[in-house]
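Here is a friendly walk through one protein model, with a few stops along the way. Keep the structure open beside the text and look up each residue as its name comes up.

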Amino acid sequence: MTMMQKDVRRLAVTDADGRIVGILSNREILAAQENSPMFMLRQIAQAQDMEAIIDKHKQMPGLIRSLITNGANAQNVTRIITTLSDAILNKLMQFTIKELGAPPARFVFMLMGSEGRKEQTLKTDQDNAIIYADNLSAEEIADIEAFSVKLIDSLIEIGVPPCPGGIMAKNQFWRRSFSDWAKVLDTWLSNPLPEHILNGSMFFDLRTIYGDPDLEK
């Protein structure tokens, strides 16, 4: 910022003895900022439409490649991917709410699997679910369904692949009332069939991303 304000285009880089050992240009600084997770987070927060989010999502592989090249370890890389993915998801939720209106407050949209564990990779598909309160009206439940379908379709549109097994909140099986989920979990835990173990292991990695977190308890 100071370089731009004072129209300084290059800086001399010195060593501990004050000797000039290189030159740093404003273009290099800007290029480095473009490969910064914080810079991308700010751009995601400022996005005004789907095209901007699609563009940011396409830039993520280049950003991650740069981080790995500069020595970032696997744990940090997956956390950065998770942080950026969460920011994109929250922005898509804002777009969805702006288009459809706010859904009922008494529900929670949860991430599961690697997303829930904050261990996402660039190839992670979607694993999500919804729990809604028992006392919602049929109209409120329909609003939640519309919200989930629009949100999941928006994720697919920007390039986040759908779950091959259909573990997504747009599918009714993964969108239930609190009492209904309690019955399902009881079935999974009391009948250790392969399908129940798979579903349970996915579900118990849950992490609230939007809504009332008390419902996940």
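Leaving out residues up to four places away in sequence, Asp 212 touches Ala 105, Arg 106, Phe 107 and Val 108. You can find Asp 212 in the segment after strand S6 (207-211). Is Asp 212 buried or exposed? Asp 212 is buried, because its relative accessible area is 15%, and buried here means under 20%. Keep in mind that this is a predicted model, and that the values below are computed from it.

How many of the residues of S3 are buried? The count is 5 of its 5 residues, so S3 is mostly covered.

S3 pairs with two strands that you can trace in the model. With S4, S3 runs antiparallel, and 5 bridges join them. Within this pairing, Phe 109 stands opposite Ile 130 in S4. With S6, S3 also pairs in the antiparallel sense, over 4 bridges. There, Leu 111 has Arg 207 as its bridge partner in S6.

In soluble globular proteins, nonpolar side chains tend to be buried together. In this model, the largest nonpolar core has 51 residues, and Leu 92, Phe 109 and Phe 203 are those with the most contacts inside it. Several elements each supply at least two residues of this core, including helix H3 (37-46), helix H5 (74-100), strand S3 (107-111) and strand S4 (128-132). Which element gives the largest share of this core? H5 does, with 9 residues.

Not counting residues up to four places away in sequence, Phe 203 touches Met 110, Met 112, Ile 131, Trp 174, Trp 181, Leu 185 and Trp 188.

Another residue to look at is Met 60, placed in helix H4 (residues 50-69). Met 60 counts as buried because its relative accessible area is 3%, and the cut-off for buried is under 20%. Leaving aside neighbours within four places in sequence, Met 60 is in contact with Met 40, Ile 81, Leu 84, Ser 85, Ile 88 and Leu 122. Met 60 and Pro 37 are 23 residues apart along the chain, and their C-alpha atoms are separated by 9.1 Å.

**Aromatic rings**

A pair of aromatic rings is described by the distance of the centres and the angle of the planes. The model holds 11 aromatic pairs. One of them joins Trp 174 and Trp 181: the pair is tilted, with 5.8 Å centre to centre and 45° between the planes. Trp 174 is buried at 3% relative accessibility, and Trp 181 is buried at 2%. One aromatic cluster is made up of Phe 173, Trp 174, Trp 181, Trp 188, Phe 203 and Phe 204.

The charged end of Arg 176 sits over the ring of Phe 173, 4.6 Å from its centre. Arg 176 also lies over the face of Trp 181, at 5.6 Å from the ring centre.

**Salt bridges**

Side chains of opposite charge can pair when their charged atoms come close. How many salt bridges does a search of the whole structure find? The search finds 12 salt bridges, and the table shows some of them.

| Salt bridge | N to O distance |
|---|---|
| Asp 17 and Arg 19 | 3.3 Å |
| Arg 117 and Glu 119 | 2.9 Å |
| Arg 175 and Glu 145 | 3.8 Å |

Arg 175 lies in strand S5 (residues 175-177) and Glu 145 in helix H7 (residues 138-158), so this pair ties together parts that are 30 residues apart in sequence. Arg 175 counts as buried at 8% relative accessibility, whereas Glu 145 is partly exposed at 38%.

Salt bridges that share partners also join Asp 15, Asp 17 and Arg 19 into one network. Both Asp 17 and Arg 19 are exposed. As for the remaining pair in the table, Arg 117 is partly exposed at 38% relative accessibility, and Glu 119 is partly exposed at 42%.

How values were computed: Residues numbered from 1 in each chain as written. Predicted model: local features only at pLDDT ≥ 70, side-chain atom pairs only at ≥ 80, totals over all residues. Heavy atoms only, no water. Buried < 20%, exposed > 50% of the residue type's maximum accessible area, 1.4 Å probe, protein only. Contact = heavy atoms within 4.5 Å. Salt bridge = Lys/Arg side-chain N within 4 Å of Asp/Glu carboxyl O. Phe/Tyr/Trp six-rings, centres within 6.5 Å; stacked < 30°, edge-to-face > 60°. Lys NZ or Arg CZ within 6 Å of the ring centre and 35° of its normal. Core = buried A, V, L, I, M, F, W, Y, C linked by side-chain atoms within 4.5 Å. Pairing = 2+ DSSP bridges.
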